[in-house]
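Hi everyone, thanks for coming along. Please bring up the sequence and the structure on your screens, and we will walk through them together.

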Amino acid sequence: MSKKDEKEKAIALTGDSEASSPPDGAKKEENGSGGSILLFFIVGFIASLIVGWIVFPKLLYSQKKQPIDFNHALHVETVDEGCQSCHFFRDDGSFSGVPKLTQCTGCHEEAQGEDPEETKLVEEYVAKGREVPWLVYSRQPNCVFFSHAAHVKMAKMECVTCHGPIGESSHARIYEENRITGISRDIWGKNIAGLKRNSWDRMKMDECAECHASEAIKTEVSIETPMLGFFNNIIRLAFPGTEKPGRKNSVQTQHEACFVCHK
Amino acid sequence: MKNDQAKKYGMVIDLDKCTGCGACMVACMAENNIPFKEDESNKLDSITWMRVYQLTNGKPYPETDICYIPRPCMHCEGDHGHSPCVSVCPATATDYSQKTGIVSQIYTRCFGCRYCMAACPYHARYFNWWDPVWPNGMEKFLNPSVSPRMRGVVEKCSFCFHRHQLAMNKAFVEGRRELEENEYQTSCAQACPSGAIAFGDLNNPKHTVNQLAQPDNAHGGQPKNPEVFRLLEKLGTNPKVYYVSSREWVRRAGDNYLKNENPGKAH
Amino acid sequence: MKMDRRSFLSFVIGGAAGTALSPLPWKVTDDLAIWSQNWSWTPVPEDGEVGYVNTTCSLCPGGCGITVRKVGDRAVKIEGMKGHPVNDGGICILGLAGLQFLYGPSRIASPMRRTGERGENKWQKISWEEAISEVSKKLADLRSKNQSHALACISGYDGGTVPRLFERFLTVYGSANFVRTPAVRDSYELGLYLMQGTQANAGFDVENADYILSFGCGIIEGWGSPVRMFKANSHWKETGVKVTQVEPRLSNTAAKSDQWIPIKPGTEVVLALGLARVIVDESLYRREFIASHTAGFDRFVQNVLKDYPPEQVEKVTGIDKAVVVSLAKTFAAAKKPLAICGRGRGAGSESAGEIMAVYALNALVGNINQKGGVWAIPDPNYIRWPELEMDAQAAAGMQKPRVDGAGSKKYPHIRNLLHRLPEMINSTDASPVQALFVLEANPYYSVSDSAFVRKAWKKIPFIVSFSSFMDETAANADLILPNHVYLERHEDIPGAEGFIKPIIGLAKPVVNPQFDTLHAGDTIIRLAKMMGDPIAKAFPWEDYEACLEETFGDKWEALGEKGYWIDAGFEPSPWNKAFETASKKFEFASDDIGASFQNAVVKAEGEESAYPLLLIPYDSPRISAGRIGNPPFVIKTVADTVIKGKNGFIEVNPKTAIALGLSEGKSAVISTPRGSAKVRIHLFEGIMPGVVAMPTGLGHTAYDSFLAGKGVNINELIGPVEDGSSGLNAAWGIRAKLGKA
């Protein structure tokens with residue numbers, strides 16, 4: 001941006017008529033510069049807000065289309081056991097996660113309807129025996145160990161609590177990948193500020209901690225994010241004697257050893 | 001509390017049965033995605049969570065005797081979980097779990113200061129001086145349950161904690177919260193062709209490790225079995241790996257004893 | 001309005017304030033933290049459904065059952081198969097590293113034709129069609145010149161359908177030269193044949209013996225079926241079974257034994273006969289067996305044992321005569337004592353005299369075909385293919401004597417004499433071998449006296465390797481037709497070394513072939529078909545799998561399900577039916593046997609004056625020394641007193657070292673009549689003064705950068721020493737000298 005453009009933009013933004021008069025006198029310039037200092041501050045402020053809130057998120061995430069526009073709603077209607085029909089627990093306690101091609105083949109050996117997406121599945125993947133390269137919205141970084149069995153089987157949690165009402169969607173939404181980390185946007189959440197309305201809007205460690213900080217769940221696995229631990233430590237140091245007596249599961253964190261969720 | 005009983009997982013290694021074959025080392029490497037380099041003969045930078053050392057009685061031919069001693073991480077309890085490495089970690093990357101007695105190591109949390117390595121009297125911790133490289137195609141055998149480590153972090157034996165996690169998953173699906181002894185075994189214990197390595201809950205009198213070592217929890221876990229010893233017992237690290245040997249010179253070699261001292265009767 | 005310095009600063013401050021109030025800095029910080037914890041170049045192993053495949057390991061003749069853990073279609077870990085009769089859940093160090101062979105860097109990815117000089121490692125990828133037709137043309141050419149007997153095949157094994165298909169090919173082509181690599185079983189087979197008249201393998205009921213006398217066997221270093229022996233060793237510890245190890249070096253076995261008796265190398269047979277003499281003198285033998293079921297006992301006592309009084313034994317072996325007497329008494333006093341021999345892992349043959357002296361000891365205590373004793377295990381005779389129709393050329397070729405002389409008048413009872421091959425090739429102008437197949441073997445590396453082998457190799461005009469890996473033999477071949485590795489192929493694995501029940505393991509494909517390789521069974525069938533009748537006619541199967549299925553017939557399904565077939569109820573023949581010698585008794589002495597005992601002590605090559613030391617090889621469980629090289633995981637476990645960088649170490653007793661002015665870690669040169677090599681010194685109190693030892697399995701020139709160039713191939717230093725009576729290679733070491741480098 002040239003200086004001239006910037007000046008014009010500043011005028012347009014502030015509507016300051018004085019600024020349009022030619023800056024010729026030293027005194028005037030001083031006055032004008034006082035105003036323009038504020039002006040430049042505001043310009044910088046607003047521009048960076050725009051960059052930070054609007055441009056940056058667009059730049060940060062790349063957008064990818066799912067290989068097949070999957071209709072969850074249609075499938076949930078057809079199958080007998082809801083989510084578990086395709087996303088099930090194996091006998092060894094592991095969770096199947098995203099289905100493999102063989103599960104699709106069970107029904108889609110041949111196209112059942114006219115839908116071009118289904119035709120694509122049958123022709124491109126089933127017929128060729130290729131796995132569908134699904135993009136997984138909820139994939140965590142490799143350092144995370146998450147036990148579906150503990151949460152779904154033992155704690156009887158609903159899938160929706162973390163994954164949201166994805167079963168009601170009739171189209172696969174765009175998969176957004178963080179260009180820095182390579183991780184799905186769903187982990188940080190759609191809201192760039194990290195705010196959320198629903199329990200499934202984010203999947204960061206804070207979300208784990210949110211539940212696990214409640215007394216009932218603490219007895220099982222108590223966790224604390226490093227940042228939370230940092231603040232808690234400050235509070236502990238500042239106001240000795242205020243920490244709640246609790247079960248101490250580990251030495252360093254006073255909580256569960258990090259191993260439970262990290263590998 | 002549903003699972004009130006705290007576990008204390010530990011190991012008892014029978015040095016009379018151990019043949020020094022090295023199967024435990026490779027079982028560990030294969031299970032835990034341990035990297036390997038072209039030259040691994042500099043043992044200071046050769047990562048082996050489980051390492052088999054050779055001891056000798058120091059006598060001349062033909063009175064010479066040798067004994068092999070496998071050394072995993074000792075998962076020291078120290079005094080109430082203050083094991084040497086956990087106490088010094090500034091990054092909260094290593095921790096002692098009171099629930100399982102396992103000393104964890106979180107690679108993504110570690111920033112590689114190596115205080116823990118200096119603190120560990122057993123040389124059980126290793127630093128990744130290089131990024132791991134698997135020759136083209138070899139990354140195919142990597143175990144998804146264990147994340148490969150990157151350059152600049154410290155790693156060590158985890159008692160195959162991921163196997164505990166997987167076993168717990170199975171138990172959960174079957175509606176259980178407790179594991180049988182054979183459901184959670186480390187890779188080395190499972191592989192040892194001599195059956196020299198026993199693994200289990202030291203607090204559980206039904207488990208082999210408890211029966212073999214007879215740990216005295218009132219006295220820092222010291223073994224009551226006179227043929228059982230721990231490495232560097234006198235340091236008070238309270239390790240959870242016990243060794244059995246019928247040979248006195250081997251038991252003596254486990255610690256720096258004075259000539260008139262009796263092994264197994266330290267303190 | 002002009003953008004002056006202050007305005008600019010103001011703009012920047014405004015920008016900073018706005019940025020701070022936007023998510024940008026916090027989000028970027030968080031993302032950078034995540035990025036720095038999960039480098040994109042650190043591999044993330046793909047997760048998936050876990051499955052297990054049971055199969056049989058064929059990395060050694062141990063015959064262990066293995067369970068391969070798979071995640072999705074990747075094999076991620078090999079474990080021992082629970083409940084398998086041989087290894088019941090246990091597994092050895094090499095078996096654990098098997099996936100490094102499957103996915104390893106030294107795999108050969110497709111058929112290849114040599115383009116440079118041999119060993120230059122210049123290759124051209126070719127198609128299977130082209131590769132097989134090239135072999136076919138060469139062989140047809142040879143056959144048309146009435147030279148079919150000049151085709152030879154060196155194989156690492158001879159049981160099972162694949163080697164039998166190769167043998168069948170050679171037969172119908174017109175060559176008797178199918179040569180298996182040596183093993184101690186050659187000696188055991190010979191002993192069984194001469195003394196018991198049976199064609200059988202030796203089995204050892206180690207689990208039920210109550211005293212073990214081992215003449216240098218590496219019981220926990222790979223002897224027999226390794227995992228079974230490890231388990232037996234632990235069983236002995238639990239039940240108080242004592243083990244006596246007779247060996248010049250404190251091996252792992254010696255260290256774990258209850259009694260280590262160091263002996264002058266090569267004199268074990270003298271000790272065995274000396275013990276027999278004490279047992280006879282003191283009438284400690286089992287009369288009921290000796291009286292009714294043996295022949296030639298008196299002749300044995302008079303002709304043989306007279307030469308071995310304890311004083312004489314002490315003089316030769318260096319073992320105190322009191323120890324000899326007490327050892328004999330301990331052995332005879334045990335209820336089920338078992339004497340075994342075969343140095344190290346038993347990767348080489350022993351002299352007929354030694355093997356029979358050990359058999360004689362077992363016979364004296366009646367421990368033949370008894371609980372806790374030595375058993376004769378018949379081959380599970382399951383391969384019954386249609387009779388061969390041979391044309392005149394084939395018949396004529398088969399009439400020609402074998403190149404190695406096995407089965408000839410000079411070596412009547414021996415089936416394979418690989419060590420004679422280089423000598424036969426080098427002793428004539430035109431090599432008697434014009435075309436060579438190499439199947440699951442690495443003779444270029446593993447046959448002793450490497451320099452001589454190389455010389456012979458040059459004289460063979462056409463060499464085809466079927467190796468899956470770029471081993472030394474493949475690297476020096478003309479054509480490579482790479483086999484699937486054992487985890488990619490179906491194959492029957494009959495027998496488990498030293499096991500007491502007839503057993504057949506089945507290897508199953510765990511994963512799809514990773515490269516453009518072909519099952520060696522299929523290669524030979526396709527080659528036969530391409531060559532046309534009468535050879536093609538001998539291979540009526542469509543492919544190898546059809547052949548395998550047909551061979552097993554109704555057993556096939558059960559075999560596939562369980563992973564092995566075992567004759568669980570097998571019991572050894574009772575004494576009155578066990579012996580098929582002329583006398584129908586156990587023969588202590590016959591004309592053949594007498595000669596063997598007279599040549600009992602095999603001398604090391606070299607003159608003592610020039611070579612004052614004795615060099616012996618030793619086997620380490622952490623170094624694979626068979627046909628297959630050590631994989632990266634296993635080489636990683638080797639101590640830095642065995643390999644440091646590229647340097648290999650030689651074990652020397654401190655006394656010997658002081659006399660030579662050598663100290664720990666110093667470079668030195670070891671020289672023998674066959675060659676010399678640079679080594680470093682490792683002082684070891686556990687080795688007899690005057691004896692030096694080097695590990696087997698090092699000094700590879702091929703394979704990958706994890707293995708190649710490390711240490712010294714001991715075959716460069718040792719040559720074969722022929723056992724005068726049997727023709728077997730009975731070398732146990734060689735004379736040597738050690739000097740400063």
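How many helices and strands are there in chain A? Chain A has 11 helices and 2 strands; helices are DSSP runs of H or I with at least four residues, strands are runs of E with at least two, and both are numbered from the N terminus. Before we go on, a word on what you are looking at: this is a predicted model, where local features need pLDDT of at least 70, side-chain atom pairs count only at pLDDT 80 or more, and totals for chains, interfaces and linings use all residues. Residues are numbered from 1 along each chain as its sequence is written, while chains are lettered from A and ligands numbered from 1 in the order in which they are written.

Back to chain A. Starting at the N terminus, its elements follow the order α-α-β-α-α-α-α-α-β-α-α-α-α. Chain A has 263 residues, and 20% of them count as buried. Buried here is for a residue with 20 or more other C-beta atoms within 10 Å of its own, exposed is for 12 or fewer, and partly exposed is in between, with C-beta atoms placed from the backbone. Looking at contacts in chain A with a separation of 6 or more, 58% come from residues 24 or more positions apart; two residues are in contact if their C-beta atoms, placed from the backbone, lie within 7 Å.

Let's pick one residue. V122(A) sits in helix α5 of chain A, residues 116-126. Is V122(A) buried or exposed, or partly exposed? It has 17 C-beta neighbours inside 10 Å, so V122(A) counts as partly exposed. Leaving out residues up to four places away in sequence, V122(A) touches H108(A), E110(A), A111(A) and A127(A). From V122(A) to H163(A) is 41 residues in sequence and 27 Å in space, C-alpha to C-alpha.

Now chain B. This chain has 7 helices and 12 strands. The radius of gyration of chain B is 18 Å, close to the 18 Å that the globule rule gives for 267 residues, so chain B is as compact as a globular protein of that length. That radius is taken over C-alpha atoms, and the globule rule is 2.2 Å times the number of residues to the power 0.38. The C-alpha trace of chain B spans about 50 × 50 × 40 Å along its principal axes. Of the 267 residues in chain B, 56% are buried.

Chain B also has some backbone details to find on your screens. Y61(B) and P62(B) are joined by a cis peptide bond, with omega about 0 degrees, and P62(B) is in the loop between β2 (51-56) and β3 (66-71) of chain B. R114(B) is not a glycine, yet it has a positive phi of about 70 degrees. You will find R114(B) in the loop between β5 (103-105) and α3 (115-119) of chain B. N238(B), also not a glycine, has a positive phi of about 55 degrees, and N238(B) counts as buried, with 23 C-beta neighbours inside 10 Å.

On to chain C, and to how it meets the others. Which helix gives the most to the side of chain C that touches chain A? The contact takes 30 residues from chain C and 35 from chain A, and α1(C) gives the most to the chain C side, with 11 residues. That side divides into 14 nonpolar, 10 polar and 6 charged residues. Here Ala, Val, Leu, Ile, Met, Phe, Trp, Tyr, Cys and Pro count as nonpolar, Asp, Glu, Lys and Arg as charged, and the others, Gly among them, as polar.

Towards chain B, 57 residues of chain C are in contact with 49 residues of chain B. Here α8(C) gives the most to the chain C side, with 6 residues, and that side has 31 nonpolar, 13 polar and 13 charged residues.

One last stop, inside chain C. D533(C) and P534(C) are joined by a cis peptide bond, with omega about 5 degrees. P534(C) lies in the loop between α21 (520-531) and α22 (544-552) of chain C.
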